[in-house]
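The sequence and the structure are shown first.

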Amino acid sequence: MEMIRTVAKAWNIPDIRRKIIFTLLMLLIFRIGSQIPVPGIDREILSQTFDSETGLFALFNLFSGGAFSNFTIFALSITPYITASIILQLLTFAVPSLERLAREGTEGRKKIAQYTRYLTVVLAVIQAIGVSVGLFRQALISTDVFSIAVIVLVLTAGTAFLMWLGEQINEHGIGNGISLIIFAGIISRLPSGIQELWVKLQDGTMSIVTLLLFLIFCIVVIVGIIEVQQGQRRIPVQYAKRVVGRKMYGGQATHIPLKVNQAGVIPVIFAMSFLQFPLTITYFMNSESGVAAWIEKWLSPTGTPGVWVYAICNVALIMFFTYFYTSVTFNPMEVAQNMKANGGFIPGIRPGKATVEYLNRVMTRITFVGAIFLAAVAILPTIVSQLGGLNFHFGGTSLLIAVGVALDTMKQLEQQMVMRNYQGFLK
């Protein structure tokens, strides 16, 4: 209800209303483009190729809102941009020149954003060639160089357009453009999921009790995601008083907010990519081969006992990537040095090495909770589907992304309203 009231108040403000309408129009353009097919593709062969969503392509289909399996102009979605962003973020900690750019403020971030765009186009071209020449080769009407070049160009242009669309939302709309595009793709699959549940309820394959339990489960998961996403450990920081000339500075108390889920959804995506890569390889194998049958049995989320092997490996990889990504994005040494340089200290903790050790210890503990949370969200839908026989499009990863983007967008909307009120006061 609080979210609805916030949106209603924002809608009554002309400037914010224009931004909301602009954002919705951009997302509408994305959904229209997701229905435009790539030329030169045999649709009947395409539907036979993707009779089920398994392998790494399930992740692509999740981000594209079904555009990947339908092979539309936005089939690659924004995944090349996500990959490029992650690569640049990791290189920032490994390449000194990029690290210097990251510390230069706004201009440095603009330069890194420009490198991200270039890398996105390169990755989109590589991915488009791999998809058209490899996976969708049987569905191509013509396999000459010109036809394949047109398909690669259309797919790459689609990704570049989505990247531009996201930047337009960042500049003229509300929320993070790239995240909202992924959010729109996930939400677009909600009607088909509801229809699937209704059909199961009508033909008797699912009882009303099972449906109610499933809805309760979804509500509990969403509430849990909200609580953990908002959860943080606040480390108190005290700044010493300093006299500069005739003025006294410092002396105030503040805190360092350490998020419980510092890594976001990145560990889940990494783990899914690793685990579903073997399933992706089976697309290029003979369906009767022993290797493909072994992978389907032991490493597939639909195999027996592969579903439990998949779940255990998923938990282990999510735990690993949560700690890995958190260590990359949060540097206790840098935080401690900045505090010391500005005369700050944690009460009861000596500045320097003791502060670094304290921050490391606290971050390790809350990261464990965040990792357990991510693992639970990722595998709970699998457990429910095995015990209840349900196959719903909204899995744990989908819910995590959708709820996280919704919370972030609402925060930005509230910030816009607060800034407007302050501007009115100052006038």
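F161 is partly exposed, as its relative accessible area is 32%; buried means under 20% relative accessible area, exposed over 50%, and partly exposed in between (1.4 Å probe, protein chains only). W164 is also partly exposed, at 43%. The model is predicted: local features need pLDDT of at least 70, side-chain atom pairs count only at pLDDT 80 or more, and totals for chains, interfaces and linings use all residues. Residues are numbered from 1 along each chain as its sequence is written, and side-chain values use heavy atoms, without hydrogens and water.

F161 and W164 lie three residues apart in helix α9, about one turn of the helix. Helices (H or I, at least four residues) are DSSP runs, numbered from the N terminus. Together with F30 and F74, these two residues form one aromatic cluster.

Rings of Phe, Tyr and Trp (its six-membered ring) pair if their centres lie within 6.5 Å; planes under 30 degrees apart count as stacked, over 60 as edge-to-face and the rest as tilted. By this rule there are five aromatic pairs, among them the two tabulated here.

| Pair | Centre distance | Plane angle | Class |
|---|---|---|---|
| F161 and W164 | 5.7 Å | 35° | tilted |
| F320 and F324 | 6.3 Å | 10° | stacked |

F320 and F324 are four residues apart in helix α15 (residues 306-329), about one helical turn. F324 is partly exposed, with a relative accessible area of 35%.

Helix α9 (residues 145-172) also packs against helix α8 (residues 106-135) at an angle of about 145°, their axes lying 9 Å apart. Axes are lines fitted to C-alpha atoms, for helices over the stretch in contact, and angles run from 0 to 180 degrees between N-to-C directions.

Conventions: Helix = DSSP H or I, 4+ residues; strand = E, 2+ residues; numbered from the N terminus.
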